[in-house]
Amino acid sequence: MSFKIEKIHHVAYRCKDAKETVEWYKKHLNMDFILAFAEDHVPSTKAFDPYMHIFLDAGNGNVLAFFELPNQPEMGSDPNTPDWVQHLAMKVKDRDALMAAKKHLEDGGIDVIGVTNHGIFHSIYFFDPNGHRMELTYDDITSEEKVSMITEEIKQEMLDEWTRTKRAPAHTHFLHAEELKEAKEQVPVGE
Ligand SMILES: [Fe+2]
C-alpha cells in the first residue's frame, strides 16, 4: 500500500444546539471551543442546508466536532442499537483525574456509570446533552502486559470463532474477570 492513515483528524456528530454544546463541553469536561464554520450550502454536495459546524479541543491535537442543522428533522439515535454501544471515549491521565472528572460531572447534575474495570483500562460513562454516550478512561498500569498476552493468533482465532458462533470467545475473559464476576454467577451453564 502506498498510504497509511496517520491519525483521526476529527470526528463529527450532530448536536441539537451549537451554543449549548460548546457551553456544556466547557463546563463539564473543560474542553475549549477552537473553531467554527458555517454555511447555508453544504460544500461537498452543494445542497441548501444551513449549518453551524463547531470544533472542540480534545487534547493532543484531537478534535471533536458537531453540526447543528436547524432545517432537518429533530435528531434521534439508531433505535435498534442499545444506547451503550455507540460512544466516544476520551483519555484522562490517571485514576485521580478520572475520579475528579466523575465528581465534577456528578456535582454538575450528570448521571455517571462506573468506574468500570476493563482490565486494561478503567472507564466512566455518561451522556452529553445531545444523547451521545461519552466515556472517560485511563489506562491500567498492567495494560501493556495484558495487551501483550493477546497475540496475533488469539485475535484471529477470536474473530473466526465469533464469526462462526456469535457467542463470545473466552480468550480475553480475564480482562473482565473482576467486573463480571457476579453477573457470570447468575448466568445458567451453557448460556
Ligand atoms: Fe469504549
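**Exercise 1. Work out what share of the 191 residues of the protein chain counts as buried, and describe the overall build of the chain.**

Solution. Of the 191 residues of the protein chain, 13% count as buried, where a residue is buried if 20 or more other C-beta atoms lie within 10 Å of its own, exposed if 12 or fewer, and partly exposed in between, with C-beta atoms placed from the backbone. This is a predicted model, in which local features need pLDDT of at least 70 and side-chain atom pairs count only at pLDDT 80 or more, whereas totals for chains, interfaces and linings use all residues. Residues are numbered from 1 along each chain as its sequence is written.

The next step is the secondary structure: the protein chain has 5 helices and 8 strands, which are DSSP runs numbered from the N terminus (helices H or I, at least four residues; strands E, at least two). Along the sequence they follow the pattern β-α-β-β-β-β-α-β-β-β-α-α-α. The C-alpha trace spans about 55 × 45 × 35 Å along its principal axes.

The last step concerns contacts, which are pairs of residues whose C-beta atoms, placed from the backbone, lie within 7 Å. Among the contacts in the protein chain with a separation of 6 or more, 49% are accounted for by residues 24 or more positions apart.

**Exercise 2. Determine which residues of α1 are buried, and how they are arranged around the helix.**

Solution. Begin with the length: helix α1 covers residues 18–29, has 12 residues, and reaches 16 Å from its first C-alpha to its last, close to the 16 Å expected at 1.5 Å a residue; the expected span is 1.5 Å times one less than the number of residues.

Next, list the buried residues of α1, which are Ala18, Thr21, Val22, Tyr25 and Leu29. Seen down the axis of α1, these residues fall within an arc of 100°, so they line one face of the helix; the arc is that of the directions from the helix axis to the C-beta atoms. An α-helix has 3.6 residues a turn, so residues three or four places apart point the same way. On the other side of α1, Lys19 and Lys27 are exposed.

Then ask what covers the buried residues of α1: the cover includes β1 (11–15), β2 (33–41), β3 (48–57) and β4 (63–68). Finally, look past the end of the helix, where α1 is followed by asparagine 30, whose phi is positive, near 55°.

**Exercise 3. Find which residues make up the largest nonpolar core, and which element gives the most to it.**

Solution. A nonpolar core is a set of buried Ala, Val, Leu, Ile, Met, Phe, Trp, Tyr and Cys residues joined through C-beta atoms within 7 Å. The largest has 10 residues in all, namely Cys15, Ala18, Val22, Tyr25, Leu29, Ile54, Leu56, Ala58, Leu64 and Phe66. At least two residues of this core come from each of α1, β3 and β4, and α1 gives the most, with 4 residues. Apart from this core lies another, of 8 residues, among them Val92, Ala101, Leu136 and Tyr138.

To see how one member is placed, take isoleucine 54, which, leaving aside its neighbours within four places in sequence, is in contact with Ala18, Thr21, Val22, Phe33, Ala36, Ala65 and Phe66.

Definitions and conventions:
Contact = placed C-beta atoms within 7 Å.
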